[in-house]
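Have the sequence and the 3D view ready.

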Amino acid sequence: MKVLVACEYSGTVRDEFLKRGHDAYSCDVLPCESKIKEDRHFQQDVSEILDDGWDLMIAHPPCTHLAVSGARWFTEGRKPWSLQEDALDFVRLLLDAPIERICLENPVSVISTKIRKPEQIIQPWQFGHTTQKTTCLWTKNLPLLKHTKVVEPEMVTMKNGKKMNKFHYDTFSLPKKERSHVRSKTFKGIAEAMAEQWGGE
Ligand SMILES: C[S@@+](CC[C@H](N)C(=O)[O-])C[C@H]1O[C@@H](n2cnc3c(N)ncnc32)[C@H](O)[C@@H]1O
């Protein structure tokens, strides 16, 4: 299958499709961090290659202006609403791409209220990671992703007695930019499930 992994700098999903023999490419405005196949990455705006005859696209558009957790930046007037509108337009462009099978991934976001509800909501702990990170999937012509290995999320009790997932706790100390970069990386267990279950024969 000709697979495009849009908005992916890590190469995580792309490499799982490549390992299973698919003609897979990633695309991001950033360079690819995976050294497995450097010639399998387009460093450019993905909107320029959506028409290139892909069988499947898995897209991870930025959630910075879409996540429900950041909504107060808009309601308190600290960010212009146009940023959210532009981010939604980008999501619409990806969802409406002329590609037979599509999965668009994002955290809990305004996509649900402004475009449509996700077909599925998953957690990394359903795919072998101890992380809790609510991940929504908007899909077209794809079956629901079956859980591959359900494990217990690892929690840390903080000084104030509140519990936090260990992954978020461990990455909390990183500088803000690095933190969101690390946190946005797709989990390998989810990438493996996508390639295994959506890659077909
Ligand atoms: C939330 S991160 C997804 C990271 C991904 N899960 C991974 O493992 O690499 C969103 C990515 O979208 C990229 N991006 C934003 N606008 C883009 C565009 N127009 N074309 C291609 N990539 C874009 C950003 O550079 C960023 O790396």
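Below is a short tour of the ligand, its pocket and a cavity.

## The ligand and its neighbours

One thing to keep in mind from the start: this is a predicted model. Now, how many residues surround the ligand? The count is 16, and the closest are Tyr9, Ser10, Asp28, Val46 and Ser184. Sorted by class, this shell is made up of seven nonpolar, five polar and four charged residues.

Which parts of the protein come up to nitrogen atoms of the ligand? Start with Asp45: an N or O atom in its side chain is 3.0 Å from a ligand nitrogen. Thr186 also uses its side chain, with a polar atom 3.0 Å from a nitrogen atom of the ligand. Val46 does it through the backbone, where an N or O atom lies 2.9 Å from a ligand nitrogen.

How much of the ligand does the protein cover? On its own, the ligand has 600 Å² of accessible area, and the protein covers 85% of that.

## The largest pocket

Here's a handy idea for finding empty space: roll a probe the size of a water molecule over the atoms and see what is left. So where does the ligand sit? You'll find it in the largest pocket, which holds about 1,700 Å³ of space.

A set of 41 residues lines this pocket, and Cys63, Thr64, Ser180, Arg183 and Ser184 lie nearest its centre. By class, the lining splits into 14 nonpolar, 15 polar and twelve charged residues. Which of the elements gives the most? That's H6, with seven residues.

## A cavity as well

About 90 Å³ of space lies inside the largest cavity. Its lining consists of Glu105, Pro124, Lys133, Thr135, Ser184, Lys185, Thr186, Phe187 and Ile190. By class, that gives three nonpolar, three polar and three charged residues.

Conventions. Residues are numbered from 1 along each chain as its sequence is written. This is a predicted model: local features need pLDDT of at least 70, side-chain atom pairs count only at pLDDT 80 or more; totals for chains, interfaces and linings use all residues. Side-chain values use heavy atoms; hydrogens and water are left out. A residue is near a molecule or strand if one of its heavy atoms lies within 4 Å of it. A polar contact is a pair of N or O atoms within 3.5 Å; within protein, one must be able to donate a hydrogen and the other to accept it, and residues adjacent in sequence count only if both atoms are side-chain atoms. Accessible areas come from the Shrake-Rupley method with a 1.4 Å probe; for residues, only the protein chains shown count as cover. On a 1 Å grid over the protein atoms alone, a cavity is a set of points where a 1.4 Å probe fits but cannot get out, and a pocket is an open set with protein on both sides within 12 Å along at least five of seven lines; lining residues have an atom within 4 Å of a point. A molecule sits in a cavity or pocket if more than half of its atoms lie within 2 Å of its grid points. Ala, Val, Leu, Ile, Met, Phe, Trp, Tyr, Cys and Pro count as nonpolar, Asp, Glu, Lys and Arg as charged, and the others, Gly among them, as polar. Grid points are joined across faces, edges and corners, and a volume is the space filled by probe spheres set on the points. Helices (H or I, at least four residues) and strands (E, at least two) are DSSP runs, numbered from the N terminus.
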